[in-house]
Amino acid sequence: MSTTDSPDGTAVPSLADPGTAGVRKVRVHHLAQAKARGERLTMLTAYDAVTARILDEAGTDMLLVGDSIGNVALGYDSTLPVSLDEMIVATRSVARAARRALVVADLPFGTYEASPQQALASAVRLVRAGANAVKFEGGRPRADTVRLLGQAGIPVIGHLGFTPQSVNALGGFRVQGRGEEAAETLLADAMALAEAGAAAIVLEMVPAPVAARITETCPAPIIGIGAGAQCDGQVLVWTDMAGMTDWAPRFARQFGQVGEALRQAAQAYGEAVREGAFPAEEHTFSH
Ligand code: KIV
């Protein structure tokens, strides 16, 4: 693998490089390069610095400060109550820890839909908190917003298919893009976002053949979640990926049992304290 340093210190991969592996800091242009070379991109959610550091060190290309923070970390029962202030605190924490990964922050419900100008004002706050790009939900009606943010120098990642902020309008957690007409609509939405300058598009809960067609046709990298194996990359909520919970959606795979390991560590700590086995001599200041 070879890299050359650009004036800003960023390692620029040569055409022979395997994926973003040789890149010191992932930038939005690397996403398009990866798609052009047929190299798969990885994205995981992160909501705090301690987790972000581990996921970043593991070589994850993109850390998504998702509004799934609502369900995962803040105890809400959906993403809808998440505020911009909550997203800003989480974005600051993740951005401080991320060395290599591109940090993407979600615009939460109610902070971008009214107008492109409203979206710009919200996005500026996330970028000031350390986001390298912002993500928001919606297709053709959001194309002008993608354009305005692009003009302001803010890269945008779109989000199509099942869009959790529209859970009430979509009638629950349902696969989207089933049937010829719905598939065409999704493709037209993806093309409009790409045409407006979206750096990538997250595609959630879409039948694999529909996602494969969108991935093949759309110039923007397609990052799938429950959208089959043919997408340009994959994203998962980190707690689903790491096995933090008893339940995970059907499209997620648990690559570890971190929740069980944490439970066992906490039990062992509790037993050691109760038995007087912790703290031991080596944990104690004698004077
Ligand atoms: O907020 C989030 O975690 C997301 C992913 C489901 C893509 O948007």
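Modeller: Two residues are in contact when heavy atoms lie within 4.5 Å. Helices (H or I, at least four residues) and strands (E, at least two) are DSSP runs, numbered from the N terminus. This is a predicted model, in which local features need pLDDT of at least 70 and side-chain atom pairs count only at pLDDT 80 or more, while totals for chains, interfaces and linings use all residues. Residues are numbered from 1 along each chain as its sequence is written, and side-chain values use heavy atoms, with hydrogens and water left out.

Colleague: What pLDDT does the chain average?

Modeller: The pLDDT is the predictor's confidence in each residue, from 0 to 100. The chain averages 93, and 93% of the residues score at least 70. Over residues 1-10, however, the pLDDT is below 50, although this stretch has 23 contacts in the model beyond near neighbours in sequence. Residues 12-18 also fall below 50, with 18 such contacts. Where pLDDT is low, the predicted coordinates should not be read in detail.

Colleague: How is a helix face to be read, and which residues of α2 are buried?

Modeller: An α-helix has 3.6 residues a turn, so residues three or four places apart point the same way. Buried means under 20% relative accessible area, exposed over 50%, and partly exposed in between (1.4 Å probe, protein chains only). In helix α2 (residues 49-57), the buried residues are Thr-51, Ala-52, Leu-55 and Asp-56. They cover an arc of only 130 degrees around the axis, which puts them on the same side of α2; the arc is that of the directions from the helix axis to the C-beta atoms. Val-50, Ile-54 and Glu-57 are exposed on the face turned away from that buried side. The buried residues pack against β3 (41-45), β4 (62-65), α4 and α10 (238-242).

Colleague: What covers the buried residues of α5?

Modeller: Helix α5 (residues 116-128) has 13 residues and reaches 18 Å from its first C-alpha to its last, close to the 18 Å expected at 1.5 Å a residue; the expected span is 1.5 Å times one less than the number of residues. Ala-119, Ser-122, Ala-123 and Leu-126 are buried in α5. Seen down the axis, these buried residues fall within an arc of 100 degrees, so they line one face of the helix. Their cover includes α4 (84-97), β5 (102-106), β6 (133-137) and α6 (143-151). Gln-117 and Arg-128 are exposed on the other side of α5.

Colleague: Where do the buried residues of strand β9 lie?

Modeller: In a regular strand the side chains alternate between the two faces of the sheet. Both faces of β9 (residues 222-225) are covered, with Ile-222 and Gly-224 buried on one side and Ile-223 and Ile-225 buried on the other.

Colleague: How many bridges pair strand β8 with β9?

Modeller: Two strands pair if DSSP finds at least two bridges between them. Strand β8 (residues 200-204) and β9 pair in the parallel sense over 4 bridges, and Val-202 stands opposite Ile-223. Strand β10 (residues 233-236) runs parallel to β9 and is joined to β9 by 2 bridges; there, Gly-233 is the bridge partner of Ile-223.

Colleague: Is Asp-189 buried or exposed?

Modeller: Asp-189 lies in helix α8 (residues 180-196) and counts as buried because its relative accessibility is 13%. Leaving aside neighbours within four places in sequence, Asp-189 is in contact with Gly-139, Arg-140 and Leu-160. Arg-24, in the loop between β2 (11-13) and α1 (28-37), counts as partly exposed at 48%.
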